[in-house]
Amino acid sequence: MSVLLQPTQAVPASRSRRPAVSSSFSSPAPRQPGRLLVWVFGQLDKRAPFEDYALRLAERGHEAGLVVDIVAGPVADPALRADLEAAGATLTCLPHGALESGWQFAKEMLRRRPTLVHCHFGSPSTVLAPIARILGARGFVFTDHGSRRTVEPVGGLKLTLRRLRRRMQAAFIDRWLPVSSFNGDMVMREVGVARDRVRTLFNGIDLSRARHAEARGRAATRARLGLPADARIALFVGDLSEAKGVDDILAIQNLMLAAEPASIMVWVGDGALRDEVQRTAGPRVLVLGRRGDVPDLLCASDVLLVPSRWFEAFSLVAAEAAAAGVPVVASRIGGIPEVVLDGETGLLITPGDRKALLAAVALLLGDAELCDRLGSAARRRAEAAFCLDRMVTATLDEYRTLLAKVSPGFQSSQVTRSA
């Protein structure tokens, strides 16, 4: 059948009008936006890089034709909730146990009917994926943030069966977005995921926070904390635990301070070793606890210490230091070498090597010119590799790719016309 459409012409008043004939080729109704369900195994209780990412995704979801629904843990930052709702997103808080429940996930799926599901912080082959696909999701995306040495240890019949189940569930995940190649390689090796389903996507940070901190001024932050303007400051930010190498810093702290008379050690965070850290507090050791002004503290510092003993997936604080133009002394472990480039944006050491840690920190505290050179390179790398908007754009591109694929049963529902 061929249909020739002619321009509409005026009908003379003396000529009778024919009754209108409805066309079987009427214009389709405007496409309704799809829904994106972001399932977070954790709570959005602070303003940090992941919360910034969730908010920016809510603000820009329309670019992929998606409205964003977020389900997370029981506590949410009130200001973040207000910003998410202003962006048109919904935020539902559930108990941690409910986040792990396949039944609860199915209830949320049936209530929202999302087009896509994006899971964060859960198991690298979550049981939620097959449930999502069975209940009609067009695609399932998983971002692996996990800091660990291996997905699953090998040994014994029970672990073998768990690995088999894990691989079967992983088949329902359409796209893997690990935050480092270290994590991506582990998933491909141990879960059996094909390389073409894995896209490394570095964590993004809001670079404007570092710019605002710089505008507020290094000297002003130091004055507020009672720190001398000419001090050489080493900073630690994170969980005060052995896994983060806190005991290694404590072991070399006095030697570090003796090597550079103008140096001061600043501790930010809380954890199991808080009391041990607190006992070292004095004129040249400042213990601040948990803080909400980390960008300002980074801007006021000369070197950041990340001597982790655990297999970090990425190290957000190292990326934040890069944005602030602060070089990092860090362990060569997990995904950290993808964030800190040895000799270019910081210095890497073997985990637990206290002698190397002392030498690296003393070198940077004693050489302001080297610090400036590494810090400038770190800032350029942050702008190129760790920009929040680039991370969101890449995420939206993955969503568009999945939505462009025809879902099962979709083609059969279309009306086929013969020419």
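# Exercises on helices and cores

Helices α13 and α16 are roughly perpendicular to each other. The exercises below start from this pair.

The model is predicted, so local features need pLDDT of at least 70 and side-chain atom pairs count only at pLDDT 80 or more, while totals for chains, interfaces and linings use all residues. Residues are numbered from 1 along each chain as its sequence is written, and side-chain values use heavy atoms, with hydrogens and water left out.

**Exercise 1.** Show why α13 and α16 count as roughly perpendicular.

*Solution.*
- Step 1: Locate the helices, which are DSSP runs of H or I with at least four residues, just as strands are runs of E with at least two, numbered from the N terminus. α13 covers residues 316-323, and α16 covers residues 368-385.
- Step 2: Take the axes, which are lines fitted to C-alpha atoms over the stretch in contact, with angles from 0 to 180 degrees between N-to-C directions. The two axes come within 7 Å and cross at roughly 110 degrees.
- Step 3: Apply the classes: under 35 degrees is roughly parallel, over 145 roughly antiparallel, 65 to 115 roughly perpendicular, and the rest oblique. The pair is therefore roughly perpendicular.
- Step 4: Find the contact (heavy atoms within 4.5 Å). A319, A322 and A323 in α13 meet A378, R379 and A382 in α16. These residues divide into five nonpolar, no polar and one charged. Here Ala, Val, Leu, Ile, Met, Phe, Trp, Tyr, Cys and Pro count as nonpolar, Asp, Glu, Lys and Arg as charged, and the others, Gly among them, as polar.

**Exercise 2.** Classify the angle between α1 and α17 and list the residues of their contact.

*Solution.*
- Step 1: The axes of α1 (residues 49-60) and α17 (residues 388-404) come within 10 Å and cross at roughly 55 degrees.
- Step 2: That angle makes α1 oblique to α17.
- Step 3: From α1 the contact uses D52, Y53, R56, L57 and R60, and from α17 it uses L388, D389, M391, V392, T393, T395, L396 and Y399.
- Step 4: By type there are seven nonpolar, two polar and four charged residues in the contact of α1 with α17.

**Exercise 3.** Describe the largest nonpolar core.

*Solution.*
- Step 1: A nonpolar core is a set of buried Ala, Val, Leu, Ile, Met, Phe, Trp, Tyr and Cys residues joined through side-chain atoms within 4.5 Å. Buried means under 20% relative accessible area, exposed over 50%, and partly exposed in between (1.4 Å probe, protein chains only).
- Step 2: The largest core has 40 residues, and L235, V266, L304 and V328 touch the most other members. Helix α13 gives the most to this core, with six residues.
- Step 3: Apart from this core lies another, of 30 residues, including A58 and Y399.
- Step 4: In soluble globular proteins, nonpolar side chains tend to be buried together.

**Exercise 4.** Is D247 buried or exposed?

*Solution.*
- Step 1: D247 is found in helix α10, residues 246-259.
- Step 2: D247 counts as buried because its relative accessibility is 17%.
- Step 3: Leaving out residues up to four places away in sequence, D247 touches E242, L273, R309 and R354.

**Exercise 5.** Trace the surroundings of A76.

*Solution.*
- Step 1: A76 lies in the loop between β2 (66-72) and α2 (78-86).
- Step 2: A76 and K46 are 30 residues apart in sequence and 7.4 Å apart in space, C-alpha to C-alpha.
- Step 3: Not counting residues up to four places away in sequence, A76 touches L44, D45, R81, L91 and C93.
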